[in-house]
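User: Hi! Could you walk me through this model with a few questions and answers?

Analyst: Happy to; here it is.

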Amino acid sequence: MRIPRFLLVRLASIIPVLVGVTFLSFIVARVMVPNAARAWAGLITNAAVIHQLTVEYHLNDPLWQQYGYYMYDIVTGNWGLSPSTKLPVLYEIENYFPATVELVIVASILSILFATVFGVYAAVKHDTKADHAIRLTYLSGIATPPFLAALVASIVFTHLIRVFPSGGELSPGLVAPRITGMVILDTLITGKFGLFANALYHIILPASVLAFLGYGIGARVLRASMIESLNQDYIRTARSKGLAESRVIWSHAFRNSLTTATTVLALNVSALLGGTLVVEYIFSWPGIGSFAVNSILNYDFPSVIGTTLVYAIGVVLANLVADVLYTYLDPRVRL
Amino acid sequence: MSQRLRRTTTSLMVQFRSAFSILSSLRTKPVSATGAGVIVFFYLLAVVVLLFGQYVLPFNDRAIDLAHELAPPSLAHPFGTDQLGSDLFRQVVYAIPIDMFVPLAIVIVALIVGALIGTIAAFRGGWADELLMRITDIFRAFPGLVLALAIAAALGASIANAMLALMVVWWPAYARIARGEALALNSKDYVKFSKITGVSQRRIILTHFFPNVTPILIAYATADIGTVLVLFSVLGYLGLGAQVPVPEWGRIVFTGQDFIQQAWWYPIFPAVTIFVVVMGFSLLGDGLRDLLDPRLKSTR
């Protein structure tokens with residue numbers, strides 16, 4: 001009974017954030033731009049086109065009225081026309097978004113795995129050589145610019161030793177049935193296991209690169225939280241009861257660090273989403289990350305604004321999921 | 001006037017001294033001290049390049065030497081050459097001032113703006129505090145890189161605009177930290193006493209809040225410069241930062257990645273340089289975090 005009510009309250013709290021997010025995107029799209037009509041036209045400099053855009057988006061009206069039109073367009077799904085592909089921005093985003101969701105989910109799973117293993121191990125071996133080595137590894141993940149990780153991974157694993165394909169979601173020529181747009185899921189639902197294996201094979205490298213860039217924050221927080229947990233009295237009690245050390249670590253200390261870990265999960269998704277831009281671009285992954293990069297490179301401003309909005313909505317939803325998980329894991333929150 | 005000036009300088013000196021005492025306790029942590037060493041080295045290099053660059057290592061960015069295009073690393077060209085035969089080592093060295101000072105400037109501005117807004121929100125409470133928290137919530141909804149890209153794209157591609165975009169994105173994090181630190185001060189007796197006795201708000205903020213809040217922000221900021229450098233280099237990589245012929249690490253990686261199969265050194269050396277610097281900041285930051293995080297301190 002309690003959880004649904006909590007969910008409703010939490011869902012309602014998203015609305016002001018989303019209003020704020022769209023307002024900020026309006027500021028960027030209409031106020032910060034020196035000449036909105038020209039920016040909206042991209043590389044097209046035809047005066048007639050620019051005039052048409054000015055009329056269509058009411059760019060000569062007072063700003064508060066423009067905001068009304070802007071919000072109306074956002075809500076009704078008119079996110080503008082991409083000047084470089086000539087397609088509606090929202091259509092493009094719907095097309096590219098599932099691939100990014102898929103990549104981020106796989107990368108999240110991998111990064112949680114890395115963070116748990118490394119964070120817990122470093123905490124157990126606190127202040128030993130193993131601890132320091134692990135800290136160096138995850139700090140180097142945080143310190144690596146995304147293009148370095150992606151480029152090195154692609155030279156080493158697709159050129160020097162050809163164990164992974166160089167990019168894309170599937171090998172050239174293969175087409176997956178489109179239901180959700182997430183190739184792994186779609187091939188699994190339709191029972192095409194050959195394609196499924198091919199899709200998995202393609203996602204491993206980009207997802208691992210993303211996870212390498214992002215797991216550090218999680219590992220660091222888990223390590224700190226585990227060190228704290230392991231110093232608690234109940235751990236001493238558990239040990240003195242003669243419980244196996246692995247039981248003490250996983251079902252006593254780790255269980256209590258899980259709530260911290262879920263908070264980090266949400267932070268991580270934001271970092272992972274930021275990383276998708278460069279990583280998707282370098283691995284030619286057909287998601288909104290490479291769509292955003294190509295839009296920037298083609299001066300396609302409507303698409304840049306559209307993808308920015310989608311990224312923010314993604315982070316807000318990820319936070320919601322983390323919050324719900326948090327409530328589920330820590331009953332104290334519900335009180 | 002002079003009295004106020006003296007008070008401000010004294011308060012500034014106190015802040016720097018406490019920030020310095022945090023930094024100097026890093027001596028007990030060799031790994032973090034190494035990180036600090038790398039950073040100091042690069043900032044010294046940046047100054048040397050700015051002041052004496054052309055005397056020490058002459059560099060002509062328009063030099064085209066097609067006889068040596070995409071030459072591998074050698075003694076004459078430690079980082080190899082690009083597709084026009086231009087020395088990549090020099091390009092990387094001449095990019096040091098921009099890539100070291102721009103993130104520093106961004107973090108300093110974010111820190112000052114964040115400290116001001118965060119402290120005032122915590123001190124005032126009520127609607128000012130509520131408003132600030134909602135604003136930072138909105139900023140936190142965007143991945144920092146994505147919002148910075150959109151703003152930089154809106155303003156137009158240039159180093160100044162990339163800087164401005166990152167400043168706009170970065171201050172809310174500092175406002176949140178400053179607010180958190182300042183909230184704890186509200187309940188301190190000396191602050192309550194000052195409020196009751198009618199000391200002006202501005203004076204309470206200047207004498208009690210700032211000196212207590214800023215050292216923690218400065219320690220946090222030290223590590224943060226590395227994160228900002230990564231974002232700035234990604235902006236540069238996507239063409240929203242330095243423009244040709246100004247050398248910038250991220251941009252060199254972008255032009256170089258097309259040649260990666262014939263000349264791996266072209267994108268890799270500038271990218272590794274970013275990694276080395278950011279790693280320096282990370283190591284330093286990790287040490288600082290341990291010193292500042294009371295939970296970890298108690299376990300030692």
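User: How many residues does the contact take from chain A and from chain B?
Analyst: Please keep in mind that this is a predicted model. On the chain A side, helices H1 (2–32), H6 (129–143), H7 (146–160), H9 (193–230), H11 (245–282), H12 (288–297) and H13 (301–329) each supply at least two residues. In total, the contact takes 44 residues from chain A and 45 residues from chain B.

User: How far apart do the C-alpha centres of domain 1 and domain 2 of chain A lie?
Analyst: The domain assignment of chain A gives domain 1 as 3–76 and domain 2 as 95–329. Between the C-alpha centres of these two domains of chain A, the separation is 31 Å.

User: Which element gives the largest share of the side of domain 1 of chain A that touches domain 2 of chain A?
Analyst: Domain 1 of chain A has 16 residues in contact with 14 residues of domain 2 of chain A. On the domain 1 side, the elements giving two or more residues are H1 and helix H2 (36–41) of chain A. The largest share, twelve residues, comes from H1(A).

User: And by class, what does that side of domain 1 of chain A have?
Analyst: Staying with the side of domain 1 of chain A that touches domain 2 of chain A, the classes are nonpolar, polar and charged. The numbers of residues are twelve nonpolar, three polar and one charged.

User: At what angle do helix H5 (residues 89–124) of chain A and H6(A) pack?
Analyst: H5(A) passes H6(A) in a left-handed crossing. The axes of H5(A) and H6(A) are 8 Å apart, and the packing angle is about 145°.

User: Which residues of H5(A) make the contact with H6(A)?
Analyst: By class, this contact of H5(A) with H6(A) has six nonpolar, one polar and two charged residues. From H6(A) come Ala130(A), Asp131(A), Ile134(A), Arg135(A), Thr137(A) and Tyr138(A). From H5(A) come Phe118(A), Tyr121(A) and Ala122(A).

User: Which residues in H6(A) are buried?
Analyst: H6(A) has 15 residues and reaches 21 Å from its first C-alpha to its last, close to the 21 Å expected at 1.5 Å a residue. To count as buried, a residue needs 20 or more other C-beta atoms within 10 Å of its own. In H6(A), the buried residues are Ile134(A), Arg135(A), Tyr138(A), Leu139(A), Gly141(A), Ile142(A) and Ala143(A).

User: Is Asp127(A) buried or exposed?
Analyst: Asp127(A) is found in the loop between H5 and H6 of chain A, and has a positive phi of about 65° although it is not a glycine. Most residues other than glycine have a negative phi. Because Asp127(A) has 11 other C-beta atoms within 10 Å, Asp127(A) is exposed.

User: What is the phi of Ser284(A)?
Analyst: The loop between H11 and H12 of chain A holds Ser284(A). Ser284(A) is exposed, with 12 other C-beta atoms within 10 Å. Although Ser284(A) is not a glycine, its phi is positive, at about 40°.

User: Turning to chain B, what is the omega of the peptide bond that joins Val244(B) and Pro245(B)?
Analyst: Pro245(B) sits in the loop between H8 and H9 of chain B. Most peptide bonds are trans. The one joining Val244(B) and Pro245(B) is cis, with an omega of about 5°.

User: What percentage of the 300 residues in chain B do buried residues make up?
Analyst: Chain B comes to eleven helices and zero strands, and its C-alpha atoms fill a box of roughly 80 × 45 × 45 Å along the principal axes. Among its contacts between residues at least 6 apart in sequence, 70% join residues at least 24 apart. Buried residues make up 46% of the 300 residues in chain B.

Key. Residues are numbered from 1 along each chain as its sequence is written. Chains are lettered from A and ligands numbered from 1 in the order in which they are written. This is a predicted model: local features need pLDDT of at least 70, side-chain atom pairs count only at pLDDT 80 or more; totals for chains, interfaces and linings use all residues. Two residues are in contact if their C-beta atoms, placed from the backbone, lie within 7 Å. Helices (H or I, at least four residues) and strands (E, at least two) are DSSP runs, numbered from the N terminus. Domain bounds come from an automatic or database domain assignment. Ala, Val, Leu, Ile, Met, Phe, Trp, Tyr, Cys and Pro count as nonpolar, Asp, Glu, Lys and Arg as charged, and the others, Gly among them, as polar. Axes are lines fitted to C-alpha atoms, for helices over the stretch in contact, and angles run from 0 to 180 degrees between N-to-C directions. A crossing is left-handed if the near helix is turned anticlockwise from the far one by less than a right angle, and right-handed if clockwise. The expected span of a helix is 1.5 Å times one less than its number of residues.
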